[in-house]
Amino acid sequence: MLINKKFRACIISLVLLLNIFSFSFLNINQVKAEDNLDEVEDLLNYINLLKQFISFDEPISPHPFKHVAIWQSNETIKIIGDITFDIYFSSTLTTQIDRSKLHDKINITVYHQDDFGNIKQIENANIELTLDPDVFENRVQSLSVKLENINQTIEEFEYLIFNIEIIQSKKEVNNIVKYRFEKYMKSNLIKLAEYLKIRDEPEYQELGILIEDGLEFLTKNLSIGGEEFGHLVNVLFSSAFYYGSDLYSSSVRFSTDEDENKTLYFQHMSDFEYYNEINEITGHIRIINEIKPNDTIDYAWPPIALNEEIDLNATEDSEFIIWLGIWFLYYLSQTPEISENVVTYYLHSDNKMNEIAPNGTETIKDPLNSKLKWTGSSFGRNKIITNVSAELYIHFPRVLGSSNILINATLKAGNNTITSEVKKVDKTNVTELLRGGPDDPTIFYFNNFSGNKEIWYNENLTLEIFVSSKPLFNLIRPVKIFYNSEIYPSSVSYTLEETDNIKIVEGINNKLIYAGGIAEYEINVTSKYSDTLNINVETNDIIGDWAEFEYPKSIEIEPDSTETINLIVKSTAEDDSAYGSGGGVDNDEIKFTIEVYGYTGYDNNQSKVSVSEDADGIYNFEIFLFEESIEVKHGESGTYQLIIRNLNSGFIKDYYNIEVTSEHDYIYINDYIVGEDDEDLGIYDESDVEPIEALYNITVNVPWYSDKTLDTLYIKVTSGHSFDRNKPYALNITGTTKIITPNIFESIYLMFESIGHHIGITSRYAGWIMIGAIFFIITILVLIILIISRRKFVDLICLNRIKEISPEESAIYEITVKNPYKRTMTYIIYTNTSSETKRWEITLDKSQVDLEPGQTQNISLKITPTDYIRKDDWIEVKAVAKATEKNKLYEISTVTSIKNSEVKLGIVGVFHWPKIFKKGDRVETTFKVMNRGNVSAHNVSIRFLVNDEEKNKVEGINIPRGGYADIEIPWIAVKGKNDVYIIVK
C-alpha cells in the first residue's frame, strides 16, 4: 500500500467532510461575514447533538471499529452448545511483528433482542483475544473462534445481533504523525490553501478557501490536531475484519435442539428493514443470512484498509466517507477526564525545568561531556505519569568518517527511574553546520515506558541526559544541547493523571426534591493511604432559589478505609412556581461538582438536585368523617360528610379521586359542595382564619326492607396528582350505618308476605299461608332426616372392651356382628389403630361375614405383644365393619394395656484388645448388653469410663426382650493403671 497517498486521501477527505457539515449551515452567497461566528456555533451545537444521539457502547450503534450484523429468525429455535465464528482479518507488517504491544485484539459478542425490543447479551457469548497473525504470510488470514456452553431460545421474529470489534494497539507511527502534523503538515496545508487562492481558476480558489476554512474549523473550533490524526493513521497499520466476498466468506455456525446445523454468512448489504434512525442514514447495520456470498469485491471494517486511492463514486470508497464521519463523531465523543493534564517542562538555566516556555534569544549551549540534569518542582499531590516524550535540540557537528553518536535521556522521580531511551543523533546537514545548531529536535518517544508510574507529592522530576556512545573524534567536536531560547525550546512532555488512591464510591446520584425541601447526600469516600481530605463544592448551573451547600470542609481518613461526607442542599422556594411550566421545563434545579482531594489523590463527581412533583414524600393529605356513624331507617337516606385536607409538601395543590363502596351494595351519592371551582385544592394551614379544606356529602339509601342491622361504608381517597405520576398515594376510612329495623316477628311476616306476593298469592293472608306451607315442608323434611339417620346396617357388640395383660399373654375380644337390616348383607371386617403396630400383633379370625336379616355371628380379635413391647405400653384397636353395598362405617374400640412388665439389663463377655497396652495405645473393648426382662429396653444409654473419666458414650439403643446388643468401644490408654467402668441405664 502507498501509505503517503492513502494518508493524504484521508486528510483531504476529512477536511471535505467537515466542510460538508459547514456548508449545510453556511451559504456563501447569502450569509454575511459578521454572522459566521453564529453559524459556527450552530454547527458545533449540531455536532454536540449528534454526539448525544449516538451511544457508541450500544450493540446496534455505529462504531468505527465494530461491525454490526443482525439476523431475524423466522421460527422458534433453541441454540444448544457452541457458536463458532470462521472469520478473516487483515494484518500489516507491524501487526505481524512478534511484539505483543503491536498486536491488535478482537472482541466478539452475540446479543439477543426479544419481541419487545429489549437487547441483552447472551450468557457466555463474549470473548476477547489477541490477534496473532503468521509472520510474512498473506495479508488476510483466517481465524476460528468458539463461544462455548450457549443455551438460548430465539422466538419467531426475534433477532440475533453479532458484534465484531477490532481493538487496535497504538503503533509508533501514531506519535510520528502527531509530531509531523503539528510541525509540518498544518503549515503545508495552509501554504497549499494560499497557493490555490491566488490561482486564476475559480475552482482552485474555491478549493483553497474550502481547505483554509475546514482547517480553521478543525483546529480551533473542534480542537482536532496531531493526536487525532495520529489515531487516524494508526488505522492504516492495524487489522480489519474481512467479510462478504467469495474469497473471504466470514461466517458463524451453531446447532439447535432439533439437531439442525445453521451457518450464517456476513453480507455487505445493509439491513434497512431493521428500524434504527441512525442506520437509515449510515446503513451501518449489515445483513447476516444463510446465503454464501459470491461477490468478487472484498469488503472490510474498518474500510480504510481496502483501496490505494479514493474514488467517491466507488461503493467501497463511499462507505469509507461514511466510516470517516463515524470515526469523526467517535473521537469527538471521547471527552477526556477532568483529571487528565498534559504538562510540558522546558529546560532552563541553573539546572531547572518548569512550564514557562522560553521567549528570549540567548541560547544556552552545554556540552555533553558529562551527565546533565534538570529538576522540576514537586507536585501538590500524588499523580500518575504516562505518555512521556522529549524534544531535545542536540547538535553534533560530525567530522568526516566519524561514527554515530547515541544519546541517553532518562526521566526520574527522586532516585527512581521512570523511563529512559537511547536515540541516535541525526546526521548534521550543511545548513546546521553553517548555522551552528540543529534544525529539528531529537525526539525521544520513550516507547519502553510500559506502565503508569505514580509520583508522590514530595518527589521531584529530574531529566538526565548523557552521551552513551561516542565516536573517536568526540574530543575535537563535542556534542552539545541547545536550550532556554525561543528558537531552541528543549523540553520534556508527559501526561499527568489523577491516581485512584482517593475515590468517591457511592452516594452521589441525582436527587428529586419538592419546593422548599432538602436533599441529603451521604457520600462515601475511600482512600488507600492516611490523609486529610479537603472537600470543595462548585455550582455548575442554577435555576431558582437555593441555600448555600452545607458540608464539612475537610475530614481525616485512615488507610484502606471509608469515610462518609454529609452534604445538604436546600431549596428556598416559597411557592409552586419552582415547578416551572410543567413536565420538568424550567423547574428549579442546581447542578454541582464535589471535589475531594488530599496529598495522595483527587476525585470528583457531579450531581444535580431538581425540584419535581415526582419527588418522594411529596404527597400527603388527611381525611375524616364529620360523623363516623349514622342511623338510617328502612326506605330512607342518611348522609356522611367527608372532609379532605391537602397536606402535600412543596406547595403542591391537588385534586382527589373518591371511591365509595357499601358492604351490602347500598346506593350512594357523592356531592362535592366545598372547594374552588375547577381548581385544585390548596394547602391546608390551620393558622389561617379560614383554612382551605374540601367537604364531600356521601348519601346512603337504605332499601324499604333489609334484614341487616349494620352496613359499613368503605371510602378510598387517592391523590390525583400522585396517581398521574404513577406514585398513587391513597387513604382509606370507613363509616358505620346503623339500620333501624322492624321487630323480629314483623320482619318474619313481611318476608313471607313478600315471598307469597312474588309467587302470585294475592290474599290478605298471604303471609300466614306461606308460613304454614313452609312449616309443613320443614316438618316433612325433618321426619325424613330422622328416619334416615336412625337406620342402621350393622350392629357391633363387645361386652368386655378393656383388658390388662402381662407381656407373655394375649388379649382376646369376642365381638358379635348383627344384621339389623331387612336384607341379607355382606360385611367387610378389619381393624384400625393409630399406634405403632410393630410392638403388637393384631389378628382377626374372620375378615368377611354374610348375614341374613336379624342373624348374628361372633368374630375373635386377638392382640398379642411382640418382643418389642415396652414397659407400661398400651394400644387402642378399633374393629370396623362395613356393608359392601353401603358407604357407612361402624366401629367399636378396644383398649389393651401391659402389666407386670420389667426390664432386666446385664453386661457379659467383656473383652479388651490388646490385652496388654501402654500409654497412648488405642484399645477396643467389646461386650454384650443382655435384656433378660419381659419387655424391650428402649433408648438404652451406655457410658464408658476409665479411671472415673468418661471416655466414650453410646445412646439410643433399643434391645428386645430376650435379646442383646454387641457393643464395641475404642479408647486411648493412659499411663499406669486403667480401671474400666461400664454403666448401662
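This is a friendly conversation about a predicted model and the labels attached to some of its residues.

Visitor: Let's start with strand S51. What makes it largely enclosed by the rest of the structure?

Guide: The count of buried residues does. Seven of the ten residues of S51, which spans residues 937–946, are buried, so the strand is largely enclosed by the rest of the structure.

Visitor: Which residue in the turn of the S51 and S52 hairpin has a positive phi?

Guide: That is Asn 947, with a phi of about 55°; two residues separate the strands of this hairpin. Asn 947 is not a glycine, yet its phi is positive.

Visitor: Why is Asn 947 called partly exposed?

Guide: Buried means under 20% relative accessible area and exposed means over 50%, with partly exposed in between. Asn 947 has 32%, so it counts as partly exposed.

Visitor: Where is Gly 956, and why is it called partly exposed?

Guide: Gly 956 is found in strand S52. Its relative accessible area is 46%, so it is partly exposed. Gly 956 touches Asn 939 and Val 940, leaving aside residues up to four places away in sequence. From Gly 956 to Val 940 the C-alpha to C-alpha distance is 5.6 Å, while they are 16 residues apart in sequence.

Visitor: Now for charges. Why is the meeting of Glu 464 and Lys 412 called a salt bridge?

Guide: The cut-off is a side-chain nitrogen of Lys or Arg within 4 Å of a carboxyl oxygen of Asp or Glu. For Glu 464 and Lys 412 the N to O distance is 3.4 Å, so the pair qualifies. Glu 464 lies in strand S21 and Lys 412 in strand S17, so the pair ties together parts that are 52 residues apart in sequence. Glu 464 and Lys 412 are both buried.

Visitor: How do you know that Glu 589 and Lys 608 form a salt bridge?

Guide: Their side chains meet at 3.7 Å, N to O, so they fall within 4 Å. Glu 589 is in strand S30 and Lys 608 in strand S31, so the bridge ties together parts 19 residues apart in sequence. Glu 589 counts as buried at 18% relative accessibility, whereas Lys 608 is partly exposed at 30%.

Visitor: What makes Arg 645 and Glu 693 a salt bridge?

Guide: The N to O distance is 2.8 Å, so this pair is also within 4 Å. Arg 645 lies in strand S34 and Glu 693 in the loop between strands S36 and S37, so parts 48 residues apart in sequence are tied together. Arg 645 counts as buried at 17% relative accessibility, and Glu 693 as partly exposed at 27%. By this rule the count comes to 26 salt bridges.

Visitor: Why is Asn 107 called buried?

Guide: Buried means under 20% relative accessible area, and Asn 107 has 13%, so it counts as buried. This residue lies in strand S3.

Visitor: What makes the meeting of Asn 107 and Asn 126 a polar contact?

Guide: The distance limit is 3.5 Å. The side chains of Asn 107 and Asn 126 make their contact at 3.3 Å, which is within that limit. A polar contact of 2.9 Å also joins the side chains of Asn 107 and Thr 109.

Methods: Residues numbered from 1 in each chain as written. Predicted model: local features only at pLDDT ≥ 70, side-chain atom pairs only at ≥ 80, totals over all residues. Heavy atoms only, no water. Buried < 20%, exposed > 50% of the residue type's maximum accessible area, 1.4 Å probe, protein only. Helix = DSSP H or I, 4+ residues; strand = E, 2+ residues; numbered from the N terminus. Pairing = 2+ DSSP bridges. Contact = heavy atoms within 4.5 Å. Polar contact = N/O pair within 3.5 Å; in protein donor to acceptor, adjacent residues only side chain to side chain.
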